[in-house]
Amino acid sequence: METVRVLAASLTTSDLVKDAIVAGVLVRFLHSRFPTKYGTDVSIQHFVVEVLGFFLLHLFGRGWLVLVNHCVPEPYLDEVFHIPQAQTYCEGRFWDWDDKITTPPGLYLLSVAYHKFWMLKGCTPFTLRHNNLLAVILTALLAALCRQRIEARTTERVEAERYKGPYTKPLSAETPSPTSLCAYHTAVNIGLFPVLFFFSGLYYTDVVSTLLVLVAYHNHLGRIKQQSPGILNDLWTVFLGVATLFMRQTNVFWAVVFMGGSEAVHAIRSLKPEPEEWAPFETFGEQVRAHVGRWAVGDIHDPGVDEAWPDDWLICLLSIAVAVICNPVKVLRQVWPHITILGLFAGFVAWNGGVVLGDKSNHVATIHLAQMLYIWPFLAFFSAPLFLPIIVEFLLSPLKAISTLIAGKLPTSNDTRPSGAKSPVLKITSLLSNKKVYYPLYIILTVIVSLAIVKFNTIIHPFTLADNRHYMFYVFRYTILRGAKIRYLLVGAYTAARWFIWRRLGGGVLEGEKRSPSTEIHMGDDQKKKRGEVDATSVAPLTSTVLLWVITTSLSLITAPLVEPRYFILPWVFFRLLVPAWGVQIPSSSSSVPSTEAGKAKPAAKPTGKPGAPQPSEDKKGILTKIWELIEAIDLSLALETIWFIVINLGTMYMFLYRPFYWRTVAEDGSEVLLDGGRLQRFMW
């Protein structure tokens, strides 16, 4: 009852109206930036639902902030360093610095600007924490904008490959709309991501850092369209990259490696060499020379991740490396802003004598390969509802196999590259590549490498064992610290989680199957004519994009000896932005929504009544019909993810607010003594 009273006292009617207006403005801005195929207008039911989503996200965040300030009015944990430093900046003393703070002053500078803009009198814990509430709402908005641009770039790529030229067609009923319910729903779920949402009620750097990285990523997605970026955008890219570094030093990997690498790939793909017919290869050397020659002119091997196998990953990286070496001017023209960011960061490290600003003794960079084992179960735990497509595919696979046998069809290789019949080496490589007979060996090798990492590179930071306020303390206590056998057994969980994550990035299809429109660009001309419009929401990302994500995640994690869920925020956010929609809709006899199955559109419902009689208009549909149409359009896995996040958030909020505890010890005389000045301790990420 105390919680209800506090919330009721803080959430007035005028506040609710303001929140609704803000949510409406955000949604309208979203659609004005990316018009639908009907212009900038959207159906009223979609608009209401999207406004409701942002409104409830803001309301949920506001309630969390109010309860935190009611129960924990004083700075807590790392806020003990951040809030006084921000208050120092608010007083204009910009050269005073707390040596215990390891991150740059970007958060505090933005807080000063926030207070100046709203003409707030003082930098109190409440007003400073409110920065992160605003930041998490803007993060959701930027996530929607980024997801929309990902879908727009996907449309351009698939259509360009379909028509063998630049995609210049205007948006119409025949082309996919960049605006999608998937983009909006994904964005709301990113805002609800428990590790991110939790810190919207505290004054930490993580929320604002994520926001600025998404701003830079949104700009990056605008740079990889058909036209080359101008000099002003190049300078803006440098500015945004430096701004992300003012939040957290590890953002350099996302600004330089992930975004810069993606732009290098884009520069290579924009070369668009003419297709070339190949005769069957006679020798392995002839095959290598032919492929290297094609890579050198920009014809890189970069299939959708749903089509790629481990050999495709290796060939993709090799082809990109060859193309970059052979086209340095083209690549440098695109990526010089990111090289500049890297140079500025290197200058900072040389001037500072290290990466972190303060407390350098407890934050020494090291090689911690086990981080790349922990990341997979972390992603799998929070993304568990997204595995529904994989589970459905797995359950249906026996039925598909039986139907295939009944139809008398045998599986064949998807590889159509010409191969020679004389060279034994070529025969072996073709067998390994086409039949994928190496895959069991690949699995065994990854397990062996994981076991070696567990044995020789498991690092347990003193902070992990010394602080029982963090959930990671209990994760380590009941798993890794239980003994060597448990550590080795966990390799099975790491491997399974990695497999699930990789499959979901491919749309949830199992090995050997192809479903996304990205696979259909290799069809014959007669098949292309029968193909329907591209559903950009369900197209799997390119192999190069996913490999860059893995490389960037590795660089950002393996240099950190401390295992913290906050370090996994950006890898998870980019993973969620890349995950394609499931594309499964609830069947309805009255539905005229295009189906993605087999690339064909369902016929519209036949008109009823006598010929020439007026048909029911869209506006005259019943409210139940409109609600059902909305339900049909919702990705079931996204809806389950929303529920999952709300449950986790409510649980962690309850533990933080209402399950505090004291640190106690026993004195020499047998009496109980409270530690840390008798302050309450609280559970958190």
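1. Contact means that heavy atoms lie within 4.5 Å of each other. By that rule, Trp313, Cys316, Leu317 and Ile320 in helix α13 meet Thr543, Ser544 and Leu547 in helix α23. Helices (H or I, at least four residues) and strands (E, at least two) are DSSP runs, numbered from the N terminus.

2. Some ground rules. This is a predicted model, in which local features need pLDDT of at least 70 and side-chain atom pairs count only at pLDDT 80 or more, while totals for chains, interfaces and linings use all residues. Residues are numbered from 1 along each chain as its sequence is written, and side-chain values use heavy atoms, leaving out hydrogens and water.

3. Now the overall picture. The chain has 26 helices and two strands. Of its 685 residues, 49% count as buried. Buried means under 20% relative accessible area, exposed means over 50%, and partly exposed is in between (1.4 Å probe, protein chains only). Among contacts with a separation of 6 or more, 79% are between residues 24 or more positions apart.

4. Back to α13 and α23. Two packed helices are described by the angle between their axes and the distance between the axes. Axes are lines fitted to C-alpha atoms, for helices over the stretch in contact, and angles run from 0 to 180 degrees between N-to-C directions. Helix α13 (residues 310-326) packs against α23 at an angle of about 90°, with the axes 10 Å apart. That makes α13 roughly perpendicular to α23. Angles under 35 degrees count as roughly parallel, over 145 as roughly antiparallel, 65 to 115 as roughly perpendicular, and the rest as oblique. The residues of the contact of α13 with α23 divide into five nonpolar, two polar and no charged. Here Ala, Val, Leu, Ile, Met, Phe, Trp, Tyr, Cys and Pro count as nonpolar, Asp, Glu, Lys and Arg as charged, and the others, Gly among them, as polar.

5. Look at Thr543 in this pair. Thr543 lies in helix α23 (residues 543-558). Its relative accessibility is 0%, so Thr543 counts as buried. Leaving aside neighbours within four places in sequence, Thr543 is in contact with Asp302, Pro303, Gly304, Val305, Ala308, Trp313 and Cys316.

6. Compare another pair. Helix α9 (residues 206-223) and helix α11 (residues 251-269) pack at an angle of about 10°, with their axes 11 Å apart. The two are therefore roughly parallel to each other. On the α9 side, the contact is made by Ser209, Val213, Ala216, Tyr217, His220 and Arg223. They meet Asn251, Trp254, Phe258, Met259, Ser262, Glu263 and His266 in α11. The residues of this contact divide into six nonpolar, five polar and two charged.

7. Next, the interior. In soluble globular proteins, nonpolar side chains tend to be buried together. A nonpolar core is a set of buried Ala, Val, Leu, Ile, Met, Phe, Trp, Tyr and Cys residues joined through side-chain atoms within 4.5 Å. The largest core has 137 residues, and those with the most contacts inside it are Tyr217, Trp549, Trp572 and Phe656. Helix α6 gives the largest share of this core, 13 residues. A second, separate core of seven residues includes Val238, Leu245, Val252 and Val256.

8. Which residues does Trp549 contact, leaving aside its neighbours within four places in sequence? They are Trp254, Phe258, Trp376, Leu379, Ile501, Leu505, Pro571, Phe574, Phe575 and Leu578. Among these, Pro571, Phe574, Phe575 and Leu578 are buried residues of α24. Helix α24 (residues 569-578) is mostly covered, with ten of its ten residues buried.

9. Check the cysteines. A disulfide is a pair of cysteine sulfur atoms within 2.5 Å, and by this rule the count comes to one. It joins Cys90 to Cys123, S to S 1.7 Å. The torsion about the S-S bond is about -80°, so the disulfide is left-handed. Cys90 lies in helix α4 (residues 79-90) and Cys123 in the loop between α5 (106-117) and α6 (125-163), so the pair ties together parts that are 33 residues apart in sequence. Cys90 counts as partly exposed at 25% relative accessibility, and Cys123 as buried at 11%.

10. Finally, two backbone points. Lys272 has a phi near 50°, a positive value in a residue other than glycine. Lys272 lies in the loop between α11 and α12 (284-296). Asp676 also has a positive phi, about 55°, although it is not a glycine. Asp676 is in the segment after β2 (672-674).
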